[in-house]
Amino acid sequence: MQKIQMVDLQSQYQAIKQDIDKGIEEVMSTASFIKGKKVSDFQEHLEAYLGVKHVIPVGNGTDALMIALMGLGLQPGDEVITPTFTFIATAEVAAVLHLTPVLVDVDKDTFNMTAEAVGKAITPRTKAIVPVHLFGQCAEMEGIMQIAKEKGIYVVEDACQAINATYTFSDGKAEKAGCIGHIGCTSFFPSKNLGCYGDGGAIFTNDDELASKMRALANHGMVVRYHHDMIGVNSRLDSIQAAVLDAKLPHLDEYTHRRQKAAAYYDKGFADNEHIKIPARSKQSEHVFHQYTLQIIDKDRDKLREQLQEKGIPAMIYYPIPIHLQKAFANLQYKEGDFPNAEQLARTVLSLPMHTELTKEQQDYIIDTINALTKE
């Protein structure tokens, strides 16, 4: 059996090596490494794929989030609501911009923030909501968008883990993750469902004015060369990364299907294990399984992870410390017990290998090993 990896990028590359190599060679032959044709081609192809008017390629997912908040013209002290159980970037960019992160708990089953939690956190200072579509499925966007509309608040989606997930509203309307709010953000970090071979990210919006402003902000606040209308940053997706992404994009539907098939196989394998809670599925959101994340019930999660490592099975803990308990945000004066669902998840979650190249043999070994260890 081939060595099990959390993400097998080498095997994925070998499957489409010809297309990726061709794209990189085109960039090398033109020496157009920054803002080249490959970047504009990928931008146009991703706009068409997602059905969104504007895709703004940037340097990484964190930059995408920061530029999105910059584009809203928020003022120091304005409040930004975001979940506490996620990667730190959403709260981090708010703090960097001298905004105030307001953290909320998440649903214990889907791991995502709820419209109810958002509603309770709103104050007169609330200017933006940043839902995170964690592990591959969307947060409660219908309820969140309704609250935002009623209160006149911006919504910036963190879709870094959920590209290609479809969210269906109660009226039957369907939208892709990142294309529902005023602005959406994604990351092209190598391990993402659509990943490049370095750093990369993008911003999505259907708002022409916001698109123009964010495009300038990502380019030193410049629309006309050497005319700087605002203070911006330097954040660009380079041409080689765009070539990699453009070669992968036509395979994204297939990649999504493979992840969903692997997740269903895991589900079946763990169905009778009372010590394991498989990932819940939202009724309105498709799950694209950036991660396949279990909850370990009445067993020592950390010991199980060590045992798996000894048996050649990698497993990861996302995220062991919720944002409200991080030293960097001690100034927000949250304390242990404030967000019980997030704290419980931090103690129990365990993510298993999930990628497009997983084999049945590998999954059988993972399933059999975990079942044996947890039933001892």
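Reader: Is Arg301 buried or exposed?
Author: Arg301 counts as buried, at 7% relative accessibility. Buried means under 20% relative accessible area, exposed over 50%, and partly exposed in between (1.4 Å probe, protein chains only). Keep in mind that this is a predicted model, where local features need pLDDT of at least 70 and side-chain atom pairs count only at pLDDT 80 or more, while totals for chains, interfaces and linings use all residues. Residues are numbered from 1 along each chain as its sequence is written, and side-chain values use heavy atoms, with hydrogens and water left out.

Reader: OK, and which residue does Arg301 form a salt bridge with?
Author: With Asp302, and the closest N and O atoms are 2.7 Å apart. A salt bridge here is a side-chain nitrogen of Lys or Arg within 4 Å of a carboxyl oxygen of Asp or Glu. Asp302 counts as partly exposed because its relative accessible area is 41%.

Reader: How many salt bridges turn up in the whole structure?
Author: The search finds 15. One of them joins Asp338 and Lys335, with the closest N and O atoms 3.2 Å apart. Asp338 is partly exposed at 27%, whereas Lys335 counts as exposed, at 54%.

Reader: Switching topic: how much space lies in the largest pocket?
Author: About 550 Å³. On a 1 Å grid over the protein atoms alone, a pocket is an open set of points with protein on both sides within 12 Å along at least five of seven lines; a cavity is a set where a 1.4 Å probe fits but cannot get out, and lining residues have an atom within 4 Å of a point. Volume is the space filled by probe spheres set on the points, which are joined across faces, edges and corners.

Reader: So which residues lie nearest the centre of the largest pocket?
Author: Phe87, Gln161, Phe189, Lys192 and Tyr319, out of 28 lining residues. Helix H4 (61-71) and helix H5 (89-96) are the elements that give two or more residues to that lining. H4 provides the largest share, 3 residues. Helices (H or I, at least four residues) and strands (E, at least two) are DSSP runs, numbered from the N terminus.

Reader: What's the lining of the largest pocket like by class?
Author: There are 14 nonpolar, 10 polar and 4 charged residues. Ala, Val, Leu, Ile, Met, Phe, Trp, Tyr, Cys and Pro count as nonpolar, Asp, Glu, Lys and Arg as charged, and the others, Gly among them, as polar.

Reader: What volume does the second largest pocket have?
Author: About 330 Å³. Of its 17 lining residues, Lys35, Gln43, Ile56, Pro57 and Arg215 are the closest to its centre. H3, strand S1 (54-58) and helix H8 (208-217) each supply at least two residues of the lining. By class, the second largest pocket is lined by 8 nonpolar, 6 polar and 3 charged residues.

Reader: And how many cavities of 30 Å³ or more does the search find?
Author: It finds 1. The largest cavity has a volume of about 60 Å³. Its lining includes Val7, Asp8, Leu9, Lys192, Arg259 and His355, and the lining residues divide into 3 nonpolar, 5 polar and 4 charged.
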